Amino acid sequence: MSEVLTTPTHCPYCALQCGMSLRPTGERSGERSVEVVERTDFPVNRGALCGKGRTAPAVLSSRVRLTEPLVRCPDTGALRPATWEEALVAVADGLRRTRAAHGPDAVGVFGGGGLTNEKAYTLGKFARLVLGTSQIDYNGRFCMSSAAAAHGKAFGLDRGLPFPLEDIPRTGCVILVGSNLAETMPPALRYLTELKENGGKLIVVDPRRTRTAEQADLHLAPRPGTDLALALGLLHLVVSEGRTDEEFIRERTEGWEAARAGAMSHWPELVERITGVPVPLLRDAMRMFCDAESGMVLTARGPEQQAKGTDTVGAWINLCLATGRAGRPLSGYGCLTGQGNGQGGREHGQKADQLPGYRKLTDPAAREHVARVWGVAPESLPGPGRSAYELLDALGGDVKSLLVMASNPVVSAPRAAHVEERLRSLDFLVVADVVLSETAALADVVLPVTQWAEETGTMTNLEGRVILRQRAITPPPGVRSDLEVLHSLAGLLGWEKGFPTDPEEVFDELRRASAGGPADYSGISYRRIREENGVFWPCPDVTDATSGSDGAAEAEEAGTSPVGVHPGTPRLFLDRFATPDGRARFVAVVHREAAEETDADYPVVLTTGRVVSHYQSGAQTRRVDELNAAAPGSFVELHPRLADRLGVAEGERVAVVSRRGRSVAPARITAAIRPDTVFMPFHWPGEGRANTLTNPALDPDSRMPEFKVCAVRLERERPSA
């Protein structure tokens, strides 16, 4: 009997992009199926998978996914099946009508951090060339944008991690801020376990004693929204105890005096009053970090999803720079990017202010380069548009029609009831997705598109490693790829060329468009990714930056070693930072309050997050029986003292009320959370939707909404008679 071949690929969920293989299992109920097989050769997860990855093929089933286009019937108001021709013509006509009546900026495009690099690139190109609109952004704005902005300010370049994950177990101390890796990225927890096994120290900063915090040598539980004060307080102690690295500051940084002055106004007792973290624990944390020969600070959504998220991340970077823990082996600041292609998705053009290669849309040289690749005049490219929440808030006003790809803002956006209302007010809404999400259910046209196992394309994981998902199974006959959708729509709107459907052809164009940019992919090819298990950017094509040649293929065919081929860049900043003078920049910041503080009417802080069995808005994971059985619905986590004051018992329904709305879910009572704080996961729609409550106050730099801090009151929800 011949061996059944497996297809090496990657998980469809988080930014680890864990390696897995897919093996055909024959036909079930008339459709081909696959199963997940361990893949130990990929270094990020070494075969380990969480429950989401292991059960990912369940969403491939026609039982839970879209298999034909849907068009809203004007007579009944219901969605009905349609042919692809009918659906695509309806989309093209709707977008054309809006542009003719209101201008190109009346059409918006909302992308997703789960799109492959090829799709994100093509979506940005489609918006700017075919639609001529500046109104494009994506849900990744809600994920890593504050860290990205802080990266750019301090280092001149934004890549989530400036080092591979394999470096984490070998450093001396890790400060993990606002991340619950044990639930959000379970296979990554092994890096922290190995850190401790190697004698390293782990400090976790989180208002909840999570499964990750339980692994820590030291757990700091600040009040949500006070991470900036905490970082400044630690830097104050570094200075006052003489633990700064003066040589590093002098030789490799700028701006220290202003940053130092900001930190020195945050003495320990003040920081304790702001954060609730006792001074002795502050001193323990500072000494633990400084006593180690090397150290890292890793942040996630906790400190980033705040209206001061950019400054907060900047303060943590200041701590690294002041102690010489950046730009050196086994040291540095890193952001734990969340979405599957949250890194690549913010590099190649679906952001409001960006062109491929992480180029700035306002940079004349960047416009010139990309316009040349696209064969258009630079002045024809629109300027920057609205950020994600601002775009959603403008729906039904300046923006009359919207194309959504791979996003579910009805569940995932802040002030979600308002966003849902704005979506309903549109003249025309189109959603391309794999399932009938809550957002798709509002659409005038729904386009069913292929999933991870049914298509080939690149992703860029949280390390900056460009990897290749490979097609393992044929999609259902009524389903098309996003590239095919954009190709067809471009043709119907007058662009017969420039939108190929072959992902490798798109990637080759992306390489040329990114060449010479901060996120330079020009030296990366599908062949190299397969052979090298991924390639880290920046990776310029040092053989010929304009030919599309990767050098390695020609060298192999000639029987020679690939002399002159750039190896990729697993570790950044070891020689210089990516600023014009090569020096990192301190940022001068001081603490400021959350956009919405508690008061007599709303005396409790709400913070939000994820649970291990679900991912983002839950549009896919809520359709997997095993995952639903483990986490069937939303809940409100609260401290026993708060529960006693309310007279609420475990499992009883609790209403959480903010200035934006009301959510109801069962109580989960635990001493693992601060008494002044409640927690809700954000994966569910309906009455338990956490984002009904959250505050859309925006960070002035990143335009990140303040998901992680809002003022609420709790009410016991009495059962109806």
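Guide: Axes are lines fitted to C-alpha atoms, for helices over the stretch in contact, and angles run from 0 to 180 degrees between N-to-C directions. Please note that this is a predicted model.

Visitor: At what angle do α4 and α13 pack, and how far apart are their axes?

Guide: Helix α4, residues 145-155, packs on helix α13, residues 309-322, at an angle of about 45°, and the axes are 8 Å apart.

Visitor: Which hand does the crossing of α4 and α13 have, and which residues meet?

Guide: The crossing of α4 with α13 is right-handed. From α4, the residues involved are Ser146, Ala147, Ala149, Ala150, His151, Lys153, Ala154 and Phe155. They meet Gly309, Thr310, Val313, Gly314, Ile317 and Leu321 of α13. By class, this contact has eight nonpolar, five polar and one charged residues.

Visitor: And how do the axes of α7 and α13 cross?

Guide: The axes of α7 and α13 cross at roughly 20° and come within 8 Å. α7 is therefore roughly parallel to α13. The crossing of α7 with α13 is left-handed.

Visitor: Which residues make that contact?

Guide: On the α7 side they are Asp227, Leu228, Leu230, Ala231, Leu234, Leu235 and Val238. On the α13 side they are Asp311, Thr312, Ala315, Trp316, Asn318, Leu319 and Ala322. The contact of α7 with α13 divides into ten nonpolar, two polar and two charged residues.

Visitor: Turning to the largest nonpolar core, which residues touch the most other members?

Guide: They are Phe155, Ile175, Trp316, Tyr333 and Ile524, in a core of 83 residues. Helix α7 gives the most to this core, with nine residues. A second, separate core has 78 residues, among them Leu165, Leu202, Ala213 and Met459.

Visitor: What does Trp316 touch?

Guide: Leaving out residues up to four places away in sequence, Trp316 touches Ile175, Val177, Val205, Asp227, Leu230, Ala231, Leu234 and Val297.

Visitor: There is a histidine in α7 too, His236. Is His236 buried or exposed?

Guide: His236 is buried, because its relative accessible area is 9%, and buried means under 20%. Beyond residues up to four places away in sequence, His236 touches Ala263, Met264, His266, Trp267 and Pro268.

Visitor: Now the backbone. Where is the cis peptide bond?

Guide: The cis bond joins Trp537 and Pro538, with omega about 0°. Pro538 is in the loop between β21, residues 535-536, and α21, residues 552-557.

Visitor: Which residues other than glycine have positive phi?

Guide: Asn533 is one of them, with phi near 60°. Asn533 is in the loop between α20, residues 526-532, and β21. Its relative accessible area is 17%, so Asn533 is buried. Gln616 is another, with phi near 50°, and is placed in the loop between β23, residues 604-609, and α22, residues 625-630.

Visitor: Last one: what is Pro8 in contact with?

Guide: Pro8 lies in strand β1, residues 7-10. Setting aside neighbours within four places in sequence, Pro8 is in contact with Met20, Ser21, Arg39 and Gln470. Pro8 is partly exposed, with a relative accessible area of 33%.

Terms used
Residues numbered from 1 in each chain as written. Predicted model: local features only at pLDDT ≥ 70, side-chain atom pairs only at ≥ 80, totals over all residues. Heavy atoms only, no water. Helix = DSSP H or I, 4+ residues; strand = E, 2+ residues; numbered from the N terminus. Buried < 20%, exposed > 50% of the residue type's maximum accessible area, 1.4 Å probe, protein only. Contact = heavy atoms within 4.5 Å. Left-handed = near helix turned anticlockwise from the far one by under 90°. Nonpolar A, V, L, I, M, F, W, Y, C, P; charged D, E, K, R; others polar. Core = buried A, V, L, I, M, F, W, Y, C linked by side-chain atoms within 4.5 Å. Parallel < 35°, antiparallel > 145°, perpendicular 65-115°, else oblique.
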